[in-house]
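I wanted to go through the helix contacts, the strand pairings and a few backbone angles in turn.

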Amino acid sequence: MGTFGGQFEDFHADDRRAEVIDWLGGLLPEFDLPLDSSDEELREYLIDGTALCYTADKLMPGVLEGVWGGYASDHRSNVKKFLSVVAEMGLPGFSVKDLEEGSMSSIVECLLALRDNVSTGLGENMSNYAAKTPSRPVAPVSTQGRRSPGEDRRRVLWDAKSPQRSPLLSGQKTNEVFQFKRGQYTDIPAAKISEMIQSNSLDNAPTQSLLRVVNGILDESIERKRGEIPHRVVYLLRNVVQEIEHRISIQAEHIRNQNNIIKTREDKYRSKIKALETLVNGTNEENEMAINRLELVKVEKSKIDERRKLGEQDMVRLIREKEDAENTVNNLRQEIQVMSKMFEEYREQMEAKTNQMEEHLTLRAKEAEFLLMQSKKRIEEVETASELQSQLWSKKANTFRSFMDNQKLSIKDIRISSQSIKQEMFALQMKWRDEISNIGLDLKGLVDAAENYHGVLAENQKLFNEVQELKGNIRVYCRVRPFLPGQDGKSTAVDYIGENGEILISNPSKQGKDGYRMFKFNKVFNTHVSQAEVFSDIQPLIRSVLDGFNVCIFAYGQTGSGKTYTMSGPGTSKEDWGVNYRALNDLFDISLKRRNTFSYEVEVQMVEIYNEQVRDLLSNDIAQKRLGIWSTSQPNGLVVPDASLIPVKSTSDVLDLMEIGQANRAVGSTALNERSSRSHSILTVHVRGLDVKNGSTSRGCLHLIDLAGSERVERSEATGDRLKEAQHINKSLSALGDVIFALAQKNAHVPYRNSKLTQVLQSSLGGQAKTLMFVQVNPDVESCSETISTLKFAERVSGVELGAARSNKEGKDIKDLLEQVASLKDTISRKDMEIEQLQVLKCNVKSPSSLTDKSGSSLVKQSFTASQQNQLISGSIGSGEPEYEDNASDDGCSVGETEYSIGSASEPAADRTQKGPSRLTRFFLTKNGQPAASRPKPKEPVPKTTPIGRRSSIASQAPTGAFSIKPPKKRVVP
Ligand SMILES: Nc1ncnc2c1ncn2[C@@H]1O[C@H](COP(=O)(O)OP(=O)(O)OP(=O)(O)O)[C@@H](O)[C@H]1O
């Protein structure tokens, strides 16, 4: 039943809609919707509101102009205008939303109400309504025959809305015309009545007015009783009645039409009811068909919905795409703006540059012009000058010509005189030939001597070194550290390194000559010199330990200058080995070579001086007792006897010990060196040798000392414990400086006891040891002042004469050795004399004219006075150092070899003769420069005191007894 009710409602709605469509089809010519159009189709037609407005305008022309000025482009506004007209008429309206998407029934009902309202003769209302609207042009009035009801209706509307067509036709006037007072109709003049009739005012008059006119006329005729109504009034009456009849007939026709429509609708309803009944009573098949159709419809609907959804999605997508596109466009716009800004800036820059260039070019052009002017001037000047010059030259040429003429004349004279000279010369030549043959004989002897000259020189050099050895100068070797990795950009303070031990330091903080300082040492090792090369230079010195000498090598220099590098080496590989390892290795090698003649025992001690305390680096005992330092006169040579003394047999033993020692060393970091030695480390190698043939013994001791850094406290930025350490280090190093100073000055008192370091070094500095100092230099220009003070110190050290080293040998051959030394010194004096003679000869060869005096005797013979000759022959070294010969080692290396020569030994003889007294002469000078004429002759017994800086005579220093080496605390290397 519900379905049927719903279907009925649908049919009803369809019907109502069809009615509207039908009505609109008749009203609007362009409206061509079929009667069975759906709600949606109708909505589609009406939705923009134009059709609604047309309808209203058609029914009530101009009515919309009164409502907000006519049509609008916006569909909602049109619909609203239509709705306002409908509302004004008091008809049911609808909402805009209904028209857009809701039910169409409200719209259909509204339109039908409008239709009914208009067609049921709401003409008055309409005319009243239309009367409110402003005037508009008069619509053309159809005058042809009978009019259709619609046309009439519209005409009525039109006429009602055109009040100014004639005075009578206006609503007000019409009322005035048809609202006569009783008795007035009869009084209306005929002209007026005919005018009223002719002007169709009756057509326009409302029906009520017409009926009032009829009643009025009838009332007047009744009142008059006589029944006499003027013809003209009757005429009017008849016309009015005709009009009323006409209207009634129109109404009747309209009603008939309505009836027809109703009948048609009735038929439709009936057929629909029948269809419904058929539907209701229909077979299952039909139902199914209907259901199927319904399903199809649903499917279609769902499809439509889907399409709609898809459309909506498309719409959303398109909107998004549009938004994206807009964003892109905006971005592009922004980019364009940025680009244009940049371009603008760039253009401005280019303009600025162009301007600058223009200015620059203008300046250059001006300069060029100026230069051109100057050049022109110069050319003019040069032209003038060249003219003057050519004049001068021509003058000079004339002078020269005359001079040449004179010269030619004088040449003639000379030729004549040369003839006579030639003759004289010939006589002289004869004389010279004799003389030259004599000189040739002399020269032959000279050539023989010259052949030996170099050999003699080398020997002399060797002897000079030996003299140095005898003097016992501390050798100073300077080594310059290379820049470390990462220090590439630094500039060096080392300006020059000479081959003969010169080193020039430049100090950029000082100007001119003061900015440079030259030092001279026994040797300077440049940055590239290898560990092996350094060692080869000191090897003979170290080997002398096996011959019973005490040797001390210590490294001095500021932190990070390479002391540990030189003494220990940077690593344990063989190339890296420093002096320590190489020295011990070398000692083992030689002792092996000499094993048939000598048997050696090697023992090692390793101590450090840390904060003025001596610590045993080879002890396992952490809480060590303080170690005492013995006086240097201890016969066993042990300076720190309580320190562990470990016997070693091979290099590997040494390596193990060094490792222990290095591990126990006190190191820390300073601002200058990441791992800085904070103590002085002393490695002492004790060597005892036994001559298996004659039973004599020797005892040598090698001190290898790595001093702590000598930098200033403030530069190392040390504080706390580090400051204390640094202060101790500085104090001990300054004590070392004082000792060196006292030694250099040959003071009676040498302050050894001021520090542990000087106490330990006492035997090396003041005793009979051979001492060598490595002065380490950091090339960095920032360390320039430290470098200079280090080198000054080293310079002072190099001036210290310790006296000749003494071998700690004991045996019956000491006397023999002393004799050997005496004869050696005799040889030296002889050799020096020979050299002197050769030099004199050489001078004489250079100037042959001076070779002979008038008496024809040789100047060579005259170059020495008798007293000088006596002096030379009788000159004696006097020291008779037995150690000198003992230096010669079995393998041919001797300590006194040229490696230790000081630069001056290699100077050319000529230079030396020019500079001052010869080496020989210097050799025989005492320290105050006086000739040592009273020296004993070589064959004389060896004196007890040495003439050259010896502190005590050999005799007094000779070992007095057998070695009394205190049995040390020996420790076996793990
Ligand atoms: N001749 C050299 N060749 C290459 N590198 C060197 C040389 N000398 C020193 N060095 C390097 O310089 C750095 C400092 O050297 P080293 O530690 O030996 O200085 P130091 O004077 O012993 O310092 P400290 O007083 O602080 O102990 C190390 O890295 C070392 O390897």
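The entries below start with the whole chain and then move to single elements.

**Ground rules.** I am working with a predicted model, in which local features need pLDDT of at least 70 and side-chain atom pairs count only at pLDDT 80 or more, while totals for chains, interfaces and linings use all residues. Residues are numbered from 1 along each chain as its sequence is written.

**Whole chain.** I looked up the secondary structure and found 30 helices and 15 strands, where helices (H or I, at least four residues) and strands (E, at least two) are DSSP runs numbered from the N terminus. Of the 974 residues, 31% count as buried; a residue is buried if 20 or more other C-beta atoms lie within 10 Å of its own, exposed if 12 or fewer, and partly exposed in between, with C-beta atoms placed from the backbone. I also noted that, among contacts with a separation of 6 or more, 72% come from residues 24 or more positions apart; a contact here requires C-beta atoms, placed from the backbone, to lie within 7 Å.

**H3 and H5.** I then turned to helix H3 (residues 50-59) and helix H5 (residues 75-88), whose axes come within 8 Å and cross at roughly 35°. Axes are lines fitted to C-alpha atoms, for helices over the stretch in contact, and angles run from 0 to 180 degrees between N-to-C directions. The crossing of H3 with H5 is left-handed, a term used if the near helix is turned anticlockwise from the far one by less than a right angle, with right-handed for clockwise. On the H3 side I listed Thr50, Leu52, Cys53 and Ala56, and on the H5 side Asn78, Val79, Lys81, Phe82 and Val85. These contact residues divide into 6 nonpolar, 2 polar and 1 charged, counting Ala, Val, Leu, Ile, Met, Phe, Trp, Tyr, Cys and Pro as nonpolar, Asp, Glu, Lys and Arg as charged, and the others, Gly among them, as polar.

**H14.** Val233, Leu236, Val240 and Glu243 of H14 are buried. An α-helix has 3.6 residues a turn, so residues three or four places apart point the same way.

**Sheet S2-S3-S4.** I next followed an open sheet of 3 strands in the order S2-S3-S4, with antiparallel pairing; two strands pair if DSSP finds at least two bridges between them. Strand S2 (494-497) and strand S4 (516-520) stand at the edges with a single partner strand each, so one side of each is left without a neighbour in the sheet. From one strand to the next the twist averages 20°. S2 is joined to strand S3 (residues 502-506) by 3 bridges, and Ile497 stands opposite Ile503 in S3. Helix H23 (residues 784-798) packs on this sheet, touching S3 and S4, and its direction makes about 150° with that of S3.

**Around S7.** Which strands does S7 (residues 598-610) pair with? I found 4 bridges to strand S8 (residues 613-616), 12 to strand S12 (residues 680-691) and 3 to strand S9 (residues 646-648), each pairing antiparallel. Val607 stands opposite Asp616 in S8, Ile609 has Val614 of S8 as its bridge partner, Glu608 faces Ser681 in S12, and Glu603 is partnered by Pro647 in S9. S7 and S8 form a hairpin with 2 residues between them, and Asn611 in the turn has a positive phi of about 50°. Glu612, in the loop between S7 and S8, also has a positive phi, about 60°, although it is not a glycine; Glu612 is partly exposed, with 13 other C-beta atoms within 10 Å.

**H21 and H22.** Last, I checked helix H21 (residues 720-745) and helix H22 (residues 756-765), whose axes come within 9 Å and cross at roughly 35°, in a right-handed crossing. Ser732, Ala735, Leu736, Val739 and Leu743 in H21 meet Lys756, Leu757, Thr758 and Leu765 in H22. In the loop between H21 and H22 lies Lys746, with a positive phi near 60°, and Lys746 is exposed, with 12 other C-beta atoms within 10 Å.

Terms used
Two residues are in contact if their C-beta atoms, placed from the backbone, lie within 7 Å.
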